[in-house]
Amino acid sequence: MPYIPSDLRFSSRHAWARLEADGTVTAGLSDWAQMKLGNIFSVQLAEVGGRFPAGGAAGVVESAKAAVDYYSPVGGEVIAVNEELSDRPGLINSDPYGAWMFKLQPSDPAEFDKLLDAAAYRAALDE
């Protein structure tokens, strides 16, 4: 069973999001997503300054099983990316909630409240 931290929010496309004290949002792939992908060997990071709508494709993750888009949990402008993932994409497998992918300045802070809390995300996975 995947680990689902209670302090994060989740999108239906298996991205996690954390609202930071400064109003920015940090995002990454959920434990469930990395388990389904298997060993991740490449990550195409979003570009700083890029803008995405909620649910918009923000980059690509490649594993032995598939190459898939990952999606922004909320809309906004990318203000930072985790460059460490360029050299060590497997960090997503070993620490999915520590290996954040990008940080956003949300265009609509209310979108964060529309994401699933941990209990709702677990229920969605169980369906």
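**Size and salt bridges**

Tutor: With 127 residues, a compact globule would have a radius of gyration near 14 Å, and the chain, at 13 Å, agrees with this; the radius is taken over C-alpha atoms, and the globule rule is 2.2 Å times the number of residues to the power 0.38. This is a predicted model, in which local features need pLDDT of at least 70, side-chain atom pairs count only at pLDDT 80 or more, and totals for chains, interfaces and linings use all residues. Residues are numbered from 1 along each chain as its sequence is written, and side-chain values use heavy atoms, without hydrogens and water.

Student: How many salt bridges does a search of the whole structure find?

Tutor: Side chains of opposite charge can pair when their charged atoms come close. The search finds three salt bridges, each a side-chain nitrogen of Lys or Arg within 4 Å of a carboxyl oxygen of Asp or Glu. Arg18 pairs with Glu20 at 2.8 Å, and Arg88 with Glu84 at 2.9 Å.

Student: Which side chain meets Arg51 in a salt bridge?

Tutor: Glu77 does, at 3.1 Å from N to O. This pair links distant parts of the chain, strand β5 and strand β8, 26 residues apart; strands (E, at least two residues) are DSSP runs numbered from the N terminus.

Student: Is Arg51 buried or exposed?

Tutor: Arg51 is exposed at 59% relative accessibility, whereas Glu77 is partly exposed at 27%. Buried means under 20% relative accessible area, exposed over 50%, and partly exposed in between (1.4 Å probe, protein chains only).

Terms used: Helix = DSSP H or I, 4+ residues; strand = E, 2+ residues; numbered from the N terminus.
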